Amino acid sequence: MTDIHQIAETTGHPNADLLVEIEHVVFGYDASRTILNDVSLSFGRGKVTAILGGSGCGKTTLLRLIGGVHPVDRGTIRIDGKVVNARNAAQLFALRRRLGMLFQFGALFTDLSVFDNVAFPLREHTDLDESMVRDIVLMKLNAVGLRGAAYLRISEISGGMARRVALARAIALDPELLMYDEPFAGLDPISMAIAANLIRTLNDTTGATSILVSHDVQQCFKICDYAYLMSSQGKVVAEGTPRQLNESEDPQVRQFIRGEPDGPVRFHYPAKPLAEDFGVTA
Amino acid sequence: MTGLVSWLGQRTLEILRILGHHATFLVELIRACPAALRRPYFVVAQIHAIGNLSLIIIVASGTAVGFVLALQMYYALVTYGAAESLGLIVNLSLTRELGPVVTALLFAGRAGTSLTAEIGLMKAGEQLAAMDMMAVDPMSRVLAPRFLAGVVSMPILAILFSSVGILGAYVVAVLLIGVDSGNFWSIMQSGVDVRRDIGNGIIKSIVFGFICTFVALYQGYEAEATPEGVAHGTTRTVVIASLGILMMDFVLTALMFSTP
């Protein structure tokens with residue numbers, strides 16, 4: 001395996017407490033719309049950190065930037081002290097071997113079985129013989145409670161099971177950093193509780209650092225050590241432990257945590273005055 | 001006037017951007033081929049998926065074309081007392097033109113659309129993004145094996161199409177109409193040049209396989225990640241690949257058969 005330390009662009013020493021550091025990042029998919037507007041966040045080693053915020057506030061984009069899918073417009077992202085350079089393919093691929101990502105809907109390969117999906121990263125990145133691959137895959141599937149489903153096709157499993165298979169695939173290579181993109185979206189209460197429990201348990205047993213992107217406040221607060229709240233303008237508006245955020249008096253934090261339909265985040269999309277739209281004159 | 005110049009400028013820039021994008025994609029695809037060749041089992045699996053599974057439509061169409069060609073040619077030739085040339089004309093028509101062209105058009109419809117839909121849906125389901133995040137290059141793991149399989153499968157299918165077409169023509173001409181069997185085969189043997197006729201037909205089919213597979217993969221990879229985007233991508237694959245095949249056929253025919 002390529003040593004990331006030899007090829008990464010180093011601008012500082014690894015921080016003993018922080019695995020991922022995001023500093024003053026600005027990003028937009030095109031010049032007309034800024035998604036992330038000068039955001040700075042840091043993620044402690046071995047911790048579960050949640051990024052909360054409404055739909056479209058840039059949470060998933062932030063994960064993609066950490067994974068180097070897009071280059072940032074301004075600012076820096078460091079993983080273990082090394083700047084993520086999305087234009088350096090060799091560095092990115094070395095970096096991504098240390099990451100595991102759970103996509104919103106699993107992103108499982110539909111032409112492969114459950115077993116082969118979990119075996120995929122092992123077969124691509126290691127020279128392990130098939131008996132060893134089999135043992136590791138069954139261990140990972142056992143960790144997510146799906147050893148018995150190893151030989152099912154992806155079309156034969158439910159959405160909740162698919163998320164767990166994707167989790168088993170994400171941890172196949174024992175990554176240092178696990179990123180979860182909306183792991184609770186579309187799950188029934190039991191599957192949601194299973195997913196939340198797995199995220200916490202896997203984090204504690206593997207010693208990995210977890211970044212959890214979600215808008216499900218209650219589930220996130222049950223399992224995370226620290227949380228950031230992002231606004232629809234792509235800014236971090238609050239941060240703290242779940243308890244600190246729960247006790248916050250900030251109207252924006254309170255509206256989001258309590259799920260109030262109106263408040264600093266308006267119910268109505270910006271529009272012309274009602275009278276003008278309906279042609280009513282005073 | 002300023003508006004016209006501005007419009008022309010915008011269109012020109014847009015065309016250049018599209019061409020540049022295609023060229024970049026092609027370079028990336030070709031650069032990924034050596035990595036795909038190092039794991040030939042993926043290429044073989046794709047040859048099975050897009051080559052073997054096209055066999056039925058190719059064999060059925062080839063036979064039907066052979067039947068019709070023999071009938072039509074016989075009616076035309078018998079008027080001039082040249083019915084004995086039937087075998088030669090059928091063979092030249094199939095190996096030089098109909099084999100490569102019709103096979104490529106069928107290939108675009110059968111395998112091309114399937115490739116576009118598959119890649120487009122993989123993109124829509126974030127499978128390609130997931131692969132990328134697992135430090136696996138989708139270009140060499142997914143696209144290049146399909147590209148190589150398409151380029152390899154096309155000439156084999158075209159040869160098969162021409163072969164069953166000739167057999168179909170034999171059935172109609174010899175068994176049904178009563179053309180002399182020995183004459184049917186011997187004039188073919190003496191009038192068909194392996195390098196000039198069959199060889200050029202194979203070269204054509206390799207070029208058409210390249211066009212079809214490249215267009216199908218590009219349209220799938222660049223399709224918008226929505227059901228409409230994938231639907232538009234598959235339609236564009238058939239239209240662009242078919243037009244590309246027909247235009248390239250004219251160019252290749254002019255180059256290959258410019259002298260009698």
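In the predicted model, helix α6 of chain A, spanning residues 159-170, lies across strands β7 and β8 (177-181) of chain A. The helix runs at about 175° to β7(A), an angle that counts as roughly antiparallel because it is over 145 degrees.

Both of these strands belong to an open sheet of 6 strands in chain A. The strand order is β7-β8-β9-β4-β10-β11, and the pairing is mixed. At the edges of the sheet are β7 (99-102) and β11 (236-240) of chain A, each of which pairs on one side only. From one strand to the next, the twist averages 15°.

Both senses of pairing are found around β10(A). With β4 (residues 48-53) of chain A, strand β10 (residues 226-230) of chain A pairs in the parallel sense, over 5 bridges. In this pairing A:Ala50 stands opposite A:Ala227 of β10(A). Strands β10(A) and β11(A) form a hairpin with 5 residues between the strands. Within the hairpin, A:Gly234 adopts a positive phi near 75°.

Within chain B, a helix pair was examined. Two packed helices are described by the angle between their axes and the distance between the axes. The axes of helix α2 (residues 40-51) of chain B and helix α6 (residues 138-177) of chain B come within 8 Å and cross at roughly 50°. The two helices, α2(B) and α6(B), are therefore oblique to each other. The crossing in which α2(B) passes α6(B) is right-handed. From α2(B), the residues in contact are B:Phe42, B:Val43, B:Gln46, B:Ile47, B:Ile50 and B:Gly51. These meet a set of residues in α6(B) that includes B:Pro145, B:Arg146, B:Leu148, B:Ala149, B:Val152, B:Ile156 and B:Leu157. By class, the contact of α2(B) with α6(B) has 10 nonpolar, 4 polar and 1 charged residues.

Key
Residues numbered from 1 in each chain as written. Chains lettered and ligands numbered in written order. Predicted model: local features only at pLDDT ≥ 70, side-chain atom pairs only at ≥ 80, totals over all residues. Pairing = 2+ DSSP bridges. Helix = DSSP H or I, 4+ residues; strand = E, 2+ residues; numbered from the N terminus. Axes fitted to C-alpha atoms, helices over the stretch in contact; angles between N-to-C directions. Contact = placed C-beta atoms within 7 Å. Parallel < 35°, antiparallel > 145°, perpendicular 65-115°, else oblique. Left-handed = near helix turned anticlockwise from the far one by under 90°. Nonpolar A, V, L, I, M, F, W, Y, C, P; charged D, E, K, R; others polar.
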